[in-house]
Structures are given as C-alpha cells and as structure tokens.
Amino acid sequence: MGKIQITNDPEKVFPDGTIISVDQLFRDYKDTLTEANMSTYHWLCRIPIPSAIDFIAKAWGFDYKFA
C-alpha cells in the first residue's frame with residue numbers, strides 16, 4: 001500500500017520524520033477502536049486509501065506526506 005512520513009505530530013505519538021507503512025497505520029488505528037465503532041474501520045477499508053489516511057491524520061491530529 002505504500003508509506004507515509006509524519007511531518008508534524010503535536011502530540012508526539014509519532015516523532016516528526018517517522019516513516020510508517022499504510023498497513024501499519026491502519027492496524028494501529030484499528031487497535032484504538034472498540035467493537036462498537038469497528039464499522040469506522042470497515043468503512044476506511046472501502047474508501048480510497050488517500051481519503052482513509054486523511055481521515056486518520058485528522059482524527060489523530062498529525063500532518064504527513066507520502067514517502
């Protein structure tokens with residue numbers, strides 16, 4: 001699926017410059033969800049990948065670029 005580079009994470013969950021695979025980002029996001037909101041993850045898996053990454057980045061408050 002590719003990789004992204006975190007360019008700014010105010011909460012410092014990901015240090016600036018961290019490169020992460022899109023697969024790992026999706027897994028990490030899924031791990032934060034409860035069973036009650038797992039439908040969000042299933043929706044993310046059905047929409048275009050760039051849109052899903054944007055959604056996660058906005059939800060978590062970080063900036064990124066494709067690596």
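A residue counts as buried when its relative accessible area is under 20%, and as exposed when that figure is over 50%. Keep those two cut-offs in mind as we walk through this structure, which is a predicted model.

Let's start with the overall fold. The chain contains three helices and three strands, and reading along the sequence gives the pattern β-β-α-α-α-β. The C-alpha trace spans about 30 × 25 × 15 Å along its principal axes. A compact globule of 67 residues would have a radius of gyration near 11 Å, and the chain has 11 Å, so the two agree. Contacts also reach across the sequence: among those between residues at least 6 apart, 47% join residues at least 24 apart.

Now look inside. Of the 67 residues, 30% count as buried. The largest nonpolar core has 19 residues, and those with the most contacts inside it are Ile4, Leu25, Phe26, Ile53, Ile56 and Phe62. Several elements contribute to this core, with β1 (3-8), α1 (22-32), α2 (38-46) and α3 (49-60) each supplying at least two residues.

You will find Ile53 in helix α3, and it counts as buried because its relative accessibility is 0%, against a cut-off of under 20%. Leaving out residues up to four places away in sequence, Ile53 touches Ile4, Val22, Leu25, Phe26, Tyr64 and Phe66. For a sense of distance, Thr40 is 13 residues from Ile53 in sequence, and their C-alpha atoms are 13 Å apart in space.

Apart from its neighbours within four places in sequence, Leu25 is in contact with Ile4, Ile20, Ile53, Ile56, Trp60 and Phe62.

Lys12 counts as exposed because its relative accessibility is 51%, and the cut-off is over 50%. The backbone of Lys12 deserves a glance too: its phi is near 60 degrees, a positive value in a residue other than glycine.

Terms used
Residues numbered from 1 in each chain as written. Predicted model: local features only at pLDDT ≥ 70, side-chain atom pairs only at ≥ 80, totals over all residues. Heavy atoms only, no water. Core = buried A, V, L, I, M, F, W, Y, C linked by side-chain atoms within 4.5 Å. Buried < 20%, exposed > 50% of the residue type's maximum accessible area, 1.4 Å probe, protein only. Helix = DSSP H or I, 4+ residues; strand = E, 2+ residues; numbered from the N terminus. Contact = heavy atoms within 4.5 Å. Rg over C-alpha atoms; globule rule 2.2 N^0.38 Å.
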